[in-house]
Amino acid sequence: MRDLTDVQALELQVIENVQRVDVHPLDEAHGYAALIQLEPDTYTVEAIATRVGRSPAYVNGRLRLIQLISEAFYEDKLTVAHAFEIARLQPNDQRRALQECFPQCRNAAAILKDKKAEATTVRELRAWIEREIHLDLANAPFDPHDDTLLPKAGACARCPKRTGSNPLLFPEVRQKSI
């Protein structure tokens, strides 16, 4: 036995948990986040990565998983790759993406209940996110009519490089806000 501070005990606990074979990525993420919250100056992403023997990108990726709003990942309905894609999104978009992963289920509760629910492929999810969320200016987290976002370029909604600005060049585009 040895005397440890709360922070030292938590660090040892996180390191031990990471070395387990069956640790869930969300549990790992919460451990990293707890260290950062206790001592943000000491426990940076880089410091944690060094202590647990992982890369900073790995630790950062795990920390991003905390942003997930659905229990579907924790209940093993989604893979880590699905979770990474969904965790990058805003909460409303996360709900839409989760629904897109399980088109046969009506809502998140149905996804959790359905023992046979299978998610679409990560490639299909990524393509849907790109098409329906990232490219659609109506979903942008900023005002596409704001001229001050990038003064040299002007507002996104009036940009001549926007796909919908030239319907003759892109006739397949139905939405004008891409």
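**Around H3**

I started at the end of H3 and found Gly53 following it, with a positive phi near 75°. Before going on, I noted that this is a predicted model, where local features need pLDDT of at least 70 and side-chain atom pairs count only at pLDDT 80 or more, while totals for chains, interfaces and linings use all residues. Residues are numbered from 1 along each chain as its sequence is written, and side-chain values use heavy atoms, with hydrogens and water left out.

Helices here are DSSP runs of H or I with at least four residues, numbered from the N terminus. Within H3 (residues 45–52), I looked up Val45, Ala47, Ile48, Ala49 and Val52 and found them buried, that is, under 20% relative accessible area. These buried residues pack against H1 (6–19), H2 (25–38) and H4 (56–64), a contact being heavy atoms within 4.5 Å.

**H5 beside H8**

How do the axes of H5 and H8 cross? The axes of H5 (residues 80–87) and H8 (residues 122–134) come within 10 Å and cross at roughly 10°; they are lines fitted to C-alpha atoms over the stretch in contact, with angles from 0 to 180 degrees between N-to-C directions. That makes H5 roughly parallel to H8, the label for angles under 35 degrees. From H5, Ala81, His82, Glu85 and Ile86 meet Val122, Leu125, Arg126 and Ile129 of H8. I sorted the residues of this contact into five nonpolar, one polar and two charged (nonpolar: Ala, Val, Leu, Ile, Met, Phe, Trp, Tyr, Cys and Pro; charged: Asp, Glu, Lys and Arg; polar: the others, Gly among them).

Next I checked for a cavity, meaning a set of points on a 1 Å grid over the protein atoms alone where a 1.4 Å probe fits but cannot get out; lining residues have an atom within 4 Å of a point. The count comes to one cavity of 30 Å³ or more, and the largest cavity holds about 50 Å³ of space, a volume being the space filled by probe spheres set on the points, which are joined across faces, edges and corners. Its lining includes Leu68, Phe73, Ile86 and Gln94. By class, I have seven nonpolar, two polar and no charged residues there.

**Pro151**

Last, I found Pro151 in the segment after H8. Pro151 is exposed at 65% relative accessible area, the cut-off being over 50%. From Pro151 to Lys161 I noted 10 residues in sequence and 15 Å in space, C-alpha to C-alpha.

How values were computed: Helix = DSSP H or I, 4+ residues; strand = E, 2+ residues; numbered from the N terminus. Parallel < 35°, antiparallel > 145°, perpendicular 65-115°, else oblique. 1 Å grid on protein atoms, 1.4 Å probe; cavity = no way out; pocket = protein on both sides within 12 Å on 5 of 7 lines; lining within 4 Å. Buried < 20%, exposed > 50% of the residue type's maximum accessible area, 1.4 Å probe, protein only.
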